[in-house]
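Trainee: I am new to this structure. Please take one part of it and go through that part closely.

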Amino acid sequence: MERVNTQHPARDDHGAQVSSMFDGIAGRYDLMNLVMTWGQEPRFVRRTVERAELPEAPVVLDLATGTGDIALEVLRSHYGARITGADFAPEMMEVGKARPGGDQITWVEADAMDLPFEDASFDAVTHGYLLRNVADIPTTLAEQFRVLRPGGRMVALETSPAPENIIRPFSTAYIKHVVPRLSRLITGDSSAYEYLSATTRGFKTPAQIQDLLEDAGFVDVGHETHLFGTIAIHWATKPA
């Protein structure tokens with residue numbers, strides 16, 4: 001399945017900065033996600049896996065796997081699943097390896113824009129909060145398209161900028177001001193979540209992500225939103 005050495009993937013400056021940032025908050029990342037989503041993160045993870053519509057004993061690649069939330073949910077819900085968790089933040093994956101079930105996942109240090117896997121290797125590709133952290137979304141999606149088997153599904157859990165509605169001033173204030181303060185209390189360092197706050201507010205809308213997926217060649221593209229429109233789950237299929 002692998003085609004190159006995965007121990008030291010090449011990274012651009014942006015990737016190296018993001019990797020270092022996530023490694024720095026690895027030990028408190030799961031708690032922060034739970035707090036930031038008002039306790040809804042486990043539900044979003046379960047829904048992401050449901051949207052993957054996995055076959056029996058699926059072969060799954062979970063990108064930006066971090067501490068393995070989505071990968072471990074696939075393992076829990078699908079008997080016989082073979083799961084590869086890939087990330088460019090090794091300290092995050094070390095936390096995931098120590099979680100119950102972590103020893104049943106293959107962990108690979110890899111760059112999402114240059115995946116070290118053969119064409120048509122996976123039944124599904126999943127990821128959480130990946131696209132806002134890459135320098136080139138079309139290249140990232142093209143790589144996912146390449147490693148998927150025909151008929152395979154891509155499912156992404158992503159943040160979205162607050163939609164234009166009555167809730168927007170409150171959700172924007174929460175993301176911009178409250179989240180960095182919470183992160184300072186929980187992790188002792190607000191810089192990572194100031195970055196995440198900024199990328200959330202400036203990220204593409206669900207409609208724009210849908211256009212990018214279609215441009216990459218995917219079909220049956222769709223999405224659903226949660227948490228007042230600030231969380232989106234996207235799905236798409238590689239033509240059979």
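Mentor: Accessible areas here come from the Shrake-Rupley method with a 1.4 Å probe. On that basis, the chain has an accessible surface of about 10,800 Å², and carbon and sulfur atoms account for 52% of that surface. The model is a predicted one. Of the 240 residues in the chain, 54% are buried. The chain holds 9 helices and 7 strands. Among its contacts between residues at least 6 apart in sequence, 71% join residues at least 24 apart.

The part to look at is the packing of two helices. Two packed helices are described by the angle between their axes and the distance between the axes. Helix α3 covers residues 41–51 and helix α4 covers residues 69–77; they pack at an angle of about 60 degrees, and their axes are 9 Å apart. That angle makes α3 oblique to α4, because angles of 65 to 115 degrees count as roughly perpendicular and those under 35 as roughly parallel. The crossing of α3 past α4 is right-handed.

On the α3 side, the residues in contact are Glu 41, Val 45, Arg 46, Thr 48 and Val 49; in α4 they meet Asp 69, Ile 70, Glu 73, Val 74, Arg 76 and Ser 77. Sorted by class, this contact has 5 charged, 4 nonpolar and 2 polar residues.

Now α4 itself. Its buried residues are Ile 70, Ala 71, Leu 72, Glu 73, Val 74 and Leu 75. The cover over these buried residues includes α3, along with the strands β1 (59–63), β2 (82–87) and β4 (122–128).

Notes: Residues numbered from 1 in each chain as written. Predicted model: local features only at pLDDT ≥ 70, side-chain atom pairs only at ≥ 80, totals over all residues. Heavy atoms only, no water. Axes fitted to C-alpha atoms, helices over the stretch in contact; angles between N-to-C directions. Helix = DSSP H or I, 4+ residues; strand = E, 2+ residues; numbered from the N terminus. Parallel < 35°, antiparallel > 145°, perpendicular 65-115°, else oblique. Left-handed = near helix turned anticlockwise from the far one by under 90°. Contact = heavy atoms within 4.5 Å. Nonpolar A, V, L, I, M, F, W, Y, C, P; charged D, E, K, R; others polar. Buried < 20%, exposed > 50% of the residue type's maximum accessible area, 1.4 Å probe, protein only.
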